[in-house]
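Visitor: Could you take me through one part of this model up close? I'd like to hear about a pocket and what surrounds it.

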Amino acid sequence: MVTRKTTPIDDGVEAPPRGASFEDKMAYYRSQHTTVGVRATHLVGIPAVAAALPLIAARPRVGLPLFLAGWSLQVLGHKVFEGNSPALTKGIFTYQFCGLAFWCEEMADLIAGRSPLTGTRQEGSDDDDGPGIPVGDFTRGR
């Protein structure tokens, strides 16, 4: 029997309250997107949804299928790889922004060669600064 890694949502972790900081909400969002599979589906699905939004108004025959395909890919990623529901179910607008920020972090990590998608970064290694852009490295020189 194959055991699937599931995220903390299955352990009863609650989403931050509505008034929580964006940083807390991003931490929760990251905790729901831990597997390489869900990260890969979101790497494609998030920009598909973002690109579809203006297309829905301008060219609905193109925009609507792209929108549905992008969302379907992300939901499928959650069900298959994470075993949880999308964070969007916890706050539609807040977690839309978290998704875009997460995608930007993933792109920065890919470019820097730190993404788990490339298989080059070992979790828990000495050079592991945690997820996202190492902001501290850019602010030290100021």
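Guide: First, the term: on a 1 Å grid over the protein atoms alone, a pocket is an open set of points where a 1.4 Å probe fits, with protein on both sides within 12 Å along at least five of seven lines, and lining residues have an atom within 4 Å of a point. Points join across faces, edges and corners, and volume is the space filled by probe spheres set on them. This is a predicted model, where local features need pLDDT of at least 70, side-chain atom pairs count only at pLDDT 80 or more, and totals for chains, interfaces and linings use all residues. Residues are numbered from 1 along each chain as its sequence is written, and side-chain values use heavy atoms, leaving out hydrogens and water.

So, the second largest pocket: about 200 Å³ of space, lined by 18 residues, with Ile46, Trp71, Gln74, Gln96 and Gly99 nearest its centre. Helices here are DSSP runs (H or I, at least four residues), numbered from the N terminus. H2 (36-58), H3 (60-82) and H4 (92-112) each give at least two lining residues, and H2 has the largest share, five. The lining has twelve nonpolar residues (Ala, Val, Leu, Ile, Met, Phe, Trp, Tyr, Cys, Pro), no charged ones (Asp, Glu, Lys, Arg) and six polar ones (the others, Gly among them).
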